[in-house]
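Good morning, colleagues. I would ask you to keep the sequence and the structure in view while I speak.

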Amino acid sequence: KNCISVSPLNKYGIPQQPIQIIHNIKGCHAAKMNHKYNILFVTSLKEDCIYFYYLTEFGILKSTNQTPIYTQKKSGPRHLVFHPNYKFMYTINELNGTIDVWSITNEGNLIKIENIQNINILDCQISQSYWSADIHITSCGRFLYVSDRILNTISLFHVNKDNKKLIFYTSYVTAEQPRSFCIDTDNCLLIVIGQKSNKIVIYSISENTGELTKLN
């Protein structure tokens, strides 16, 4: 439908009829709230851009004064995560296998978003094709992981403690077509869903390095 809708929840947490629908966001794959700035970020895979909206106290999304931010052409921004301090955002690009790092600042009530890094999910190894999917960061903000469905990999990056840029560490061959994965709240486990393999793979996460060890 290429749209994003806003639905209030009743007291039981059940979504009600939408109170707002924003159309013409082509290939909108993800929408996540930055709680520090009260802004909803929405990826538009087919437009190579990311839209952002203020959330009003009435639950209505309001356009900001800034234009959308654009990624590289034919990169296809798909999913996004925020650093725990909410001052940085990481987006995985489905079509060219890269991660964009963005700094987010508030200058005189004007939100400024700047691209500070673009890095390949395989570091120096370049693939002829990518189908990157999911991206997550540990709640401590030290380790970031991304998945790719053609390469069947989970890549691990270390997050620089000063500028929050990414440093490639290693990659792991995992369940076939890893479309989705998650990290538990204690940063102890990473769980991968292989869409084509019909399997779930569970890894432990090293507290010191973020390295993954297959458990089951």
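Which backbone oxygen does the side chain of Ser147 reach? The side chain of Ser147 reaches the backbone oxygen of Pro178, at 3.0 Å. Such a polar contact is a pair of N or O atoms within 3.5 Å; within protein, one must be able to donate a hydrogen and the other to accept it, and residues adjacent in sequence count only if both atoms are side-chain atoms.

A word on the basis of these values. The model is predicted, and local features need pLDDT of at least 70, side-chain atom pairs count only at pLDDT 80 or more, and totals for chains, interfaces and linings use all residues. Residues are numbered from 1 along each chain as its sequence is written, and side-chain values use heavy atoms, with hydrogens and water left out.

Let me return to Ser147. This residue is found in strand β13, residues 143-148; helices (H or I, at least four residues) and strands (E, at least two) are DSSP runs, numbered from the N terminus. Ser147 is buried, with a relative accessible area of 0%. Buried means under 20% relative accessible area, exposed over 50%, and partly exposed in between, with a 1.4 Å probe and protein chains only. Not counting residues up to four places away in sequence, Ser147 touches Ser132, Ala133, Asp134, Thr153, Ile154, Pro178, Arg179 and Phe181, where contact means heavy atoms within 4.5 Å.

Four strands form an open sheet in the order β12-β13-β14-β15, and the pairing is antiparallel. Two strands pair if DSSP finds at least two bridges between them. At the edges stand β12 (132-137) and β15 (166-173); each has a single partner strand, so one side of each is left without a neighbour in the sheet. On average, neighbouring strands of this sheet are turned by 20° against each other, direction ignored. For these angles, axes are lines fitted to C-alpha atoms, for helices over the stretch in contact, and angles run from 0 to 180 degrees between N-to-C directions. Strand β14, residues 153-159, pairs with β15 in the antiparallel sense over 7 bridges, and Thr153 stands opposite Val173 in β15.

A second sheet deserves attention. This open sheet of 4 strands has the order β8-β9-β10-β11, again with antiparallel pairing. Its edge strands are β8 and β11 (110-120), and each pairs on one side only. Neighbouring strands here are turned by 25° against each other on average, direction ignored. Between β10 and β11 there are 10 bridges in the antiparallel sense, and Trp102 stands opposite Asn115 in β11.

How many salt bridges does a search of the whole structure find? The search finds 2, a salt bridge being a side-chain nitrogen of Lys or Arg within 4 Å of a carboxyl oxygen of Asp or Glu. Side chains of opposite charge can pair when their charged atoms come close. Glu94 forms a salt bridge with Arg78, the closest N and O atoms being 2.8 Å apart. Glu94 lies in the loop between β9 (88-93) and β10 (98-107), and Arg78 in strand β8 (residues 77-82), so the pair ties together parts that are 16 residues apart in sequence. Glu94 also meets Arg149 in a salt bridge, at 3.5 Å from N to O. That pair links distant parts of the chain, with Arg149 in the loop between β13 and β14, 55 residues apart from Glu94.

Next, the hairpin of β3 and β4. Strand β3 (residues 28-34) and strand β4 (residues 39-44) run antiparallel and are joined by 5 bridges. Asn34 stands opposite Ile39 in β4. The hairpin has 4 residues between the strands, and Asn38 takes a positive phi near 55°.

Finally, the cysteines. The structure holds 0 disulfides, a disulfide being a pair of cysteine sulfur atoms within 2.5 Å. Cys28 is in no disulfide, and the nearest cysteine sulfur, that of Cys3, is 6.2 Å away. Cys28 counts as partly exposed, at 23% relative accessibility. Cys182 is partly exposed, with a relative accessible area of 37%.
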